[in-house]
Amino acid sequence: MRILDHLLKSIQNAAVFNPDVSAAPVCILWPDRDKQWEAVIPRLQNELPQLCVLGDYNPDKLMGPAIWLRCLIAKKIKEVELPGDKVPILYLPGVSRQDLRAVETCSDDLKPLAELQYRGVIWSQINAKDWTILAFLKSDQGGLGLDVAQDSGTKNAMQLALYLLLEEKRDLLENKRLDKDYFNTLLTGGDPVRDLLLWLDHEKVFIDSRGDNEWKAFIEVCKSQLAFNPLKDGVLSGAFKLAEHKGPWKAVWERFCEAPKRYPNIPDLLCKCQMPSPDLFSNEKTHGGWPQWNEFQENKLQKELSGLIKLPPHEAGKKIKVLIESHVQRKNLVWSELGFSPLALAGEHLAILAEITSNQLAAGTAKEMAQNYSNWGWKADAAVIKALACVEKNSDFRAVSTAIRSIYLSWMEDSAQHLQKVVDKDGYPGKLLSDASKIPASPGECIIFIDGLRFDTAKRLSDLLIKSGMQVSESITWAALPSVTATGKPAVAPVHDLIKGELANSDFEPVVSKTGKSLKGGYHLKKLLKDKGWSVLGKNETGDPSSFAWCEIGDIDHEGHDRGWKLAKHIKAILRDIKEQIDSLIAAGWKTIRIVTDHGWLLLPEGLPKIDLPSVLTENKWGRCAAIKPGADSNESLYPWYWNPNQYFALSNGISCYKKGEEYAHGGLSLQECLTLELKIHNNSANKPESLAKITDIKWKGLRCTVAVDGNFAGLTLDIRTQAGSLLAPVFKATTFGDDGPPP
């Protein structure tokens, strides 16, 4: 942690209280008689929006006289609003704790604050003295416990270097002697590149936080190392040199690119400079330092992508590849990290989409289609999601949406129609209930159900788990028809053999075989699981890893119906949460974790094609499937229900939808909806007998020690050997310890 982080934590911790014995403090008072901290208060206010200052009236800086501050924390000033969840902090320059305690003799302009020492708390040392800079650095009781010299020269240099000192890491100072030489080095030459960037980022704050000597030292360093005089040349001249980053300024630019978010005002400063006029040969090397040039390129790409709507799919795909090739390098510029190049980032995924969709899935048998989709076709769906996740503004979304629809819509439509024709001829490759076998399970297995884990999303989850060191196997399955949760979720549950479908069911919801109770709402499904010996785990529960468990997490389907195309922006976070749950289950000792799902989905920005199906013909109509009324004359293709082959339902043609404007839908027959991926995680550590933990090759005075301790601390072995490996003596071996474990 930085010194700044420790300081912020110490100040805010002053408000920690025991609600059983006291009321919450209304404020934190920060007295500073010698004004030692005053120079860095603007810096601290960036981190503490609740930090107010006693002084001349200046509400923009949260500064004002005592009576104004009193009204402010009482929430009587409408023009200024402090964060409601944070205790206000009142910095009092020139005021000591004793000044507040002497209520009768303190000055009239301070008296409105005196009473707050009883309703608030004072940030002070354990001995009730004010915190000075020296005390905070040196004290081991509430301070940092560092080795700091106490001579006057050190104290002066320390105060001059305070702004820079706040950014230093405490652990790097722990074994150092902090004297005047250290602070002067920090002040004048510790990191001139960082100083220059801080000056460019916020000139006034930088100058105000430094004394005359420090400012003069900074100027001299810039003159000698960069041939630049901050005083005479000014920030705009410095910004221009930064953007060009030639000669010694290249190191300054590279430092800015390493952590651009530390200097949030520099991009606006660069925009105030006159950028050299671009020409036909301008590129990332000549103009990559200018946000204006990057913005111009983004606007250009936006117009070019929007124009794809006029092209047929094969031409649009070729055009996308050419367009992205001319912008691909911009994703490596600093402006991408700052969020200024969403289309350049999206373009990388659009190029992948164009490449994948140039190959057709609409060929062969259902088995061959499944093979091609599982090998490469799913990457098109993944590219769409990743491209949409890059954009925020409506204009950028429309450009990316146009590009996606120009090549992806027809590709999906063709593959869906071909699959439907194949199924009409040869039957659906997925099973009916009558064909389903019992789901095998052994003690130590936890089944995780994720609603709407589409094939490409399952691939992302699998990669995430593998990168974290887990052993994951994948198996391809076909979802139960129709591809909706009501039908698909019970079909992947380990109690599906206890479930059946009634003859008339417009909601595609099966029932308990013995009782006829509907599974709608989930109660009876969970009851079946529990009755069969399965634990049903809630969120963050890990259960008993020696038994069986069913767990439901990561409701992707709910997010998709709620958010439409914006689901793309949330999938990463959803998968991260799922992984955390899996980590907990692995740590708890489950031998295997099987991840199953009910269905996938179609996602098309700005809506799937609409197809008409009169409501008078249906008992129930969802986005991509419908229950047709008995005897109704319909041209829709009918398919048998998974739970009861005597009941048929209609699926919409191609990728069309019975509802207008639906960006996210499922229930139909397409590879995206019906081909799913089951993941199985093998916890090898849970299957192995507990082994000795060894620490070996500890070398000491020509000897080598080997230590072995078993996982339960039941025994410990320590051998001492020569470097050549000859055993000299077993010091102790197979020793049994009590509950407290081995001795230190």
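Arg-454 lies over the face of Trp-601, 3.8 Å from the ring centre (a charge counts as over a ring if NZ of Lys or CZ of Arg is within 6 Å of the centre and within 35 degrees of the ring normal). Keep in mind that this is a predicted model: local features need pLDDT of at least 70, side-chain atom pairs count only at pLDDT 80 or more, and totals for chains, interfaces and linings use all residues. Residues are numbered from 1 along each chain as its sequence is written, and side-chain values use heavy atoms, leaving out hydrogens and water.

**Exercise 1.** Find what Ile-593 is in contact with, leaving aside neighbours within four places in sequence.

*Solution.* Step one: contact means heavy atoms within 4.5 Å.

**Exercise 2.** Work out how the rings of Trp-199 and Phe-218 are arranged.

*Solution.* Step one: rings of Phe, Tyr and Trp (its six-membered ring) pair if their centres lie within 6.5 Å; planes under 30 degrees apart are stacked, over 60 edge-to-face, the rest tilted. Step two: here the centres are 6.1 Å apart and the planes at 55°, so call the pair tilted. Step three: check burial (buried is under 20% relative accessible area, exposed over 50%, partly exposed in between, with a 1.4 Å probe and protein chains only). Trp-199 comes out buried at 0%, and Phe-218 is buried at 3%.

**Exercise 3.** Name the members of the aromatic cluster that includes Trp-30.

*Solution.* Across the whole structure, a search turns up 31 aromatic pairs.
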